[in-house]
Amino acid sequence: MKRTGAQIIWECLVRQGVTDVFGYPGGAILPAYDAMLDYPIRHVLVRHEQGATHMADGYARASGRVGVAIATSGPGATNMVTGIATAMMDSSPIVCITGQVGSKLVGSDAFQESDVTGVTLPITKHNYLVTRADDVAPAFREAFEIAASGRPGPVHIDITKDAQQSSCEFDWDAAAPKKPEFRPDWSASPEDYRRALELINGAERPILLAGHGIMISNAMDIIRAFAEKANIPVSPTLLGIGSFPASHPLNLGMMGMHGEAWVNQAIQEADLLLAFGMRFDDRVTGTLKTYALAAKKIHIDIDAAEINKNVRVDVGIVGDLRDTLEHLMPGVKQGDRSKWIAHVNELKGDVAVRDIQNLPDDGHLYAAHVINDLWRATKGDAIIVTDVGQHQMWEAQYYHHDKPRSLITSGGLGTMGFALPAAVGAKLACPDKEVWVVVGDGGFQMTMCELATIVQEQIDINVAIINNGYLGMVRQWQEFFYERRYAATPLINPDFQKLAEAFGLPAQTVTRRADVVPAVEAARNNRKTVVIDFKVEQEDTVYPMVPAGAALDAMIRRPSPSPIVETGADVL
Amino acid sequence: MITTFAVYVEDKPGVLTRVSSLFRRRAFNIESLTVGHTDKPGVSRMTIVVDTDELGARRIEAHTYKLVNVLRVENITAGPGVFRDLAMIKVAASAESRTHIMQLVDVFRARVVDVAPDSLIIEITGTEDKIDGLLEVLRPYGVLEMARTGRVAMARGARSTTAQVEAASGPADEDHNVFHSV
């Protein structure tokens, strides 16, 4: 059947199972927008194209399905760059569609022309410049395949205006992706499995480092069975939170720069690290010179380029985590690591059992309290979408995630402004789930225009602004490493309550601990998005902290005499 | 360690950029890169020379295979192979010095491809060392200009990667190469 290139875009998206796209129209993508009206796809009109990419990203992370964003040429396309880079760093499958000036004009510096495929080349898994209607369908089919397969990631399709306007024969079947090119078989050999099992069964002090790959591979149940069978304690990375239940007795808590002190200590003492679907980011290892020197390392990742990238490993297995573990499981012996687990529990001391809920209210409002109370009020069952900074680390420490895909956060790129739009995407992917944005006052102002999207699209999420009047994490670094010279970190903020009300959203300001739970409950019971401005302690600090470039166990602990009772923080 | 890769890629616009951008992005410094057609339509062959260690070479291979347009990557450093560079060297040559220079050219089994009243152009094919050697002895006469291709390399023996590339990617099908991947 004859179709225009613009129609083929939507024919392909519908056939790929896409139900929602996030976008912003403009001249070079107008033919596609015109054709859109005839197809059963919901379009969410964002207020900035960066928001569209984060929404597609949040959609993908919450559901595992490919998220789709669409924008026009030039500035529309370049506005997507931050969102594409965010998805790349966190292995999130999205397809970004941009219009391009007519193919005859490409290279002429035409109005709203930019070499956007040149721009996105190093931050996508692959990208396309499509200049003919015939090429649209093959590009789309291949793009979805690439985005979702292997280590997922963003794919960008740039389509010239004339390719959208001209017609051709549309044949879905003929546009099937060609069979994959040769790729070397780097999957594990029997010898690799034998060595891995020997290390696992022989280890006395093992730790399982649980990464994002567990969720991408849908390997939660087998990881749990593995850890329970071998009695191996588990520590998630930031993006691995949710891959292993927080309430499980073998879950030690998050590792890394703001990880639990006992976890980092235990990693340094371990004799075996099982790195499953994680990539030894510098925020996880501290300085590599002293990282887990006593430990043998087994690294399982689907991306061969990750093996031996940062940390030299003893056994590197390239492959899908679930498949690999299914191979390993029969050879894993029941382990008694009670001595090791008892030792790690000793490292915890009494701090882990202190319950911040029960600490006395000293009249101050602390972010840790707000987040912990949010966890209780939502029964740990919400999808929490965080921004980047102090509140992100407090969320990781005080909201206990038992379920996969329930924490959505920009880990690798650390993109401020991610949370609000990503939460919109998460809500559309999982309409039955309760979704909360946890965001700092700085990051919120980077993408708060999307409140208008929320109103227009009648989206029911809730927003908790952790407002300390500073770019808090940067201020913390200035406090520790720059002699408290607060260069450009204090913020004069608008009245967020009035601001939200101006958008037409109910809002509340909370300054006292006692008001946290009632405000959260009121928001949960409201069918609209509610914005709560939590005015928290201004110069609060995330502890513990591994200074950048320091050894993992060289943590800055909470100063003594301990203000734990003051802040309610239950970390060392 | 100087490492040589033979990389077979789809002959499409922008593929060279993708490969070279990858090396830049991952902070590997390319010593030399040559690209040209193979005997198979639609398939280009690059010879890429990089200074890296064994683990680095392995990661380069893994990263390069992640590029969609890459058909085959071979590290041909270790096995027996033939490595060649081609250089054209323009050297100042007076009536007196010309004979001396041409004797040197003979010793190096190079060729004179242009003679002008004041200069010669010498063409030499060989390993980088051999070309550097000729260059060294020509310098006293005055090297005016030089152009080098960079290394091309091929593993010895009957085994042909190009044949495997064709087998893997199937017959060249115009319909499947329709979109430009940048």
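This is a predicted model: local features need pLDDT of at least 70, side-chain atom pairs count only at pLDDT 80 or more; totals for chains, interfaces and linings use all residues.
Residues are numbered from 1 along each chain as its sequence is written, while chains are lettered from A and ligands numbered from 1 in the order in which they are written.

Let's start in chain A with strand 4, residues 67-71. Helices (H or I, at least four residues) and strands (E, at least two) are DSSP runs, numbered from the N terminus. Of the 5 residues in strand 4 of chain A, 5 are buried, meaning that 20 or more other C-beta atoms lie within 10 Å of the residue's own; exposed is 12 or fewer, partly exposed is in between, and C-beta atoms are placed from the backbone. In a regular strand, side chains alternate between the two faces of the sheet. Here Gly67(A), Ala69(A) and Ala71(A) point one way, Val68(A) and Ile70(A) the other, and all are buried.

Who are the neighbours? Strands pair if DSSP finds at least two bridges between them. Strand 2 (residues 20-23) of chain A runs parallel to strand 4 of chain A, with 2 bridges, and Phe22(A) has Ala69(A) as its bridge partner. Strand 5 (residues 94-100) of chain A is also parallel to strand 4 of chain A, joined by 5 bridges, with Gly67(A) opposite Ile94(A).

Most residues other than glycine have a negative phi, and most peptide bonds are trans. Asn218(A) has a positive phi of about 55°; this residue sits in the loop between helix 10 (213-216) and helix 11 (220-230) of chain A. Arg484(A) has a positive phi of about 60°, in the loop between helix 21 (472-481) and helix 22 (496-502) of chain A. Asn218(A) is partly exposed, with 13 other C-beta atoms within 10 Å, and Arg484(A) is exposed, with 10. The peptide bond from Tyr543(A) to Pro544(A) is cis, with omega near -10°.

Finally, the chain contact. On chain B, 22 residues are in contact with 24 residues of chain A, where contact means C-beta atoms, placed from the backbone, within 7 Å. Helix 2 of chain B gives the largest share of the side of chain B that touches chain A, 6 residues.

Thanks, and happy to chat!

Conventions: Two residues are in contact if their C-beta atoms, placed from the backbone, lie within 7 Å.
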